[in-house]
Amino acid sequence: MIKLFDVRYVRLGTANRELATKFATEIVGLDIARVESTATYLKSDHRDHTLCYFDGDPSDQTVGWELWDPNDLESAAAELEQKGYAVHRGTKEECEQRAVRGFINLKDPTGNSLDIVARPYDSSLRYHGSRDAGITGFNHAALCSTDPERDEKFWTQILNARVSDWIAHVPLMRVSSTHHSLALFPDTKKGIQHINHQVASVDDIMKSYYFLLERNIPIKFGPGRHATSGAMFLYFEGPDGVIFEYSHGVREITPEQEATYRPRQFPFENASLCYWGAKPNMSQFK
């Protein structure tokens, strides 16, 4: 089994990098780490970057995952190939583009692009936010899945993800102590369903709610509170239809709890998504 440490970054193609960067800084509240000829790197915490916008097709999206032991990169590639997955080993230039010492890329059974990275760079520069959104860090990414039950097996049998809870057939899975680093939502296509950043308090969620309303940013879900992770949340839409989420108070499952923790099964109903009563305006949540 391939042991991941945590989610690391998201790479998004965009036809208008200037507009996407403006949204990421002025609306979401990320910092520009650096700008290169074809890509802009943005940070939200101690990592070199957690979001990269590059010139390209908006459907070209990748989630990067850090390998627990960087020495396992080649054995991870060999295991995936033995199981029938096509693996691309990153070139020196591609590693530089991702700010990592090494990586492999593959597609999950739906076709979502995944980087598994070794020794990603941290930054000595403190994140301070282009606006005071209260962001404390990049937390998780949700993916679209054409068959969540099939893809759950990929994540839990080949990779080391553990199911924290299910909402109907939607698994919420962790690779660290955070309740979920990944969720799989049913869809007819591949792609990133949403990108999550944690914020420091519920006050930050409510301040951003009114901030977004004043600027006519489409609110897709919330403010609300998830019945599964316990996190208070707000979802909103950015360029190229990418959904961003702020949340606060996500449940932690500590190493001491791992041995006795059992995932719960929730029905697919509105109360399972938000027990405050917010109703989603997102197709995968309906």
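The lining of the largest cavity is made up of 9 nonpolar, 7 polar and 1 charged residues, where Ala, Val, Leu, Ile, Met, Phe, Trp, Tyr, Cys and Pro count as nonpolar, Asp, Glu, Lys and Arg as charged, and the others, Gly among them, as polar. The model is a predicted one, in which local features need pLDDT of at least 70 and side-chain atom pairs count only at pLDDT 80 or more, while totals for chains, interfaces and linings use all residues. Residues are numbered from 1 along each chain as its sequence is written, and side-chain values use heavy atoms, with hydrogens and water left out.

A cavity here is a set of points, on a 1 Å grid over the protein atoms alone, where a 1.4 Å probe fits but cannot get out, and its lining residues have an atom within 4 Å of a point. Grid points are joined across faces, edges and corners, and a volume is the space filled by probe spheres set on the points. On these terms the structure holds 2 cavities of 30 Å³ or more, and the largest has a volume of about 140 Å³. Its lining comprises 17 residues, of which L172, H180, H226, T228 and Y235 lie nearest the centre. The elements that contribute two or more residues to this lining are β12 (182–186) and β16 (243–248), strands being DSSP runs of E with at least two residues, numbered from the N terminus.

The second largest cavity contains about 30 Å³ of space, and R8, Y9, D48, H49, R98, A99, P120 and Y121 line it. By class, this lining has 4 nonpolar, 1 polar and 3 charged residues.

Turning to the cysteines, a search of the whole structure finds 0 disulfides, a disulfide being a pair of cysteine sulfur atoms within 2.5 Å. For C95, the nearest cysteine sulfur, that of C52, is 14 Å away. C95 counts as buried at 8% relative accessibility, and C144 counts as buried at 2%, where buried means under 20% relative accessible area, with a 1.4 Å probe and protein chains only.

F103 is found in strand β7 (residues 100–107) and is buried, with a relative accessible area of 2%. Not counting residues up to four places away in sequence, F103 touches L73, H88, R89, G90, E94, C95, R98, D115, I116 and V117, contact meaning heavy atoms within 4.5 Å. The C-alpha atoms of F103 and D165, which are 62 residues apart along the chain, are separated by 30 Å.

How values were computed. 1 Å grid on protein atoms, 1.4 Å probe; cavity = no way out; pocket = protein on both sides within 12 Å on 5 of 7 lines; lining within 4 Å. Helix = DSSP H or I, 4+ residues; strand = E, 2+ residues; numbered from the N terminus. Buried < 20%, exposed > 50% of the residue type's maximum accessible area, 1.4 Å probe, protein only.
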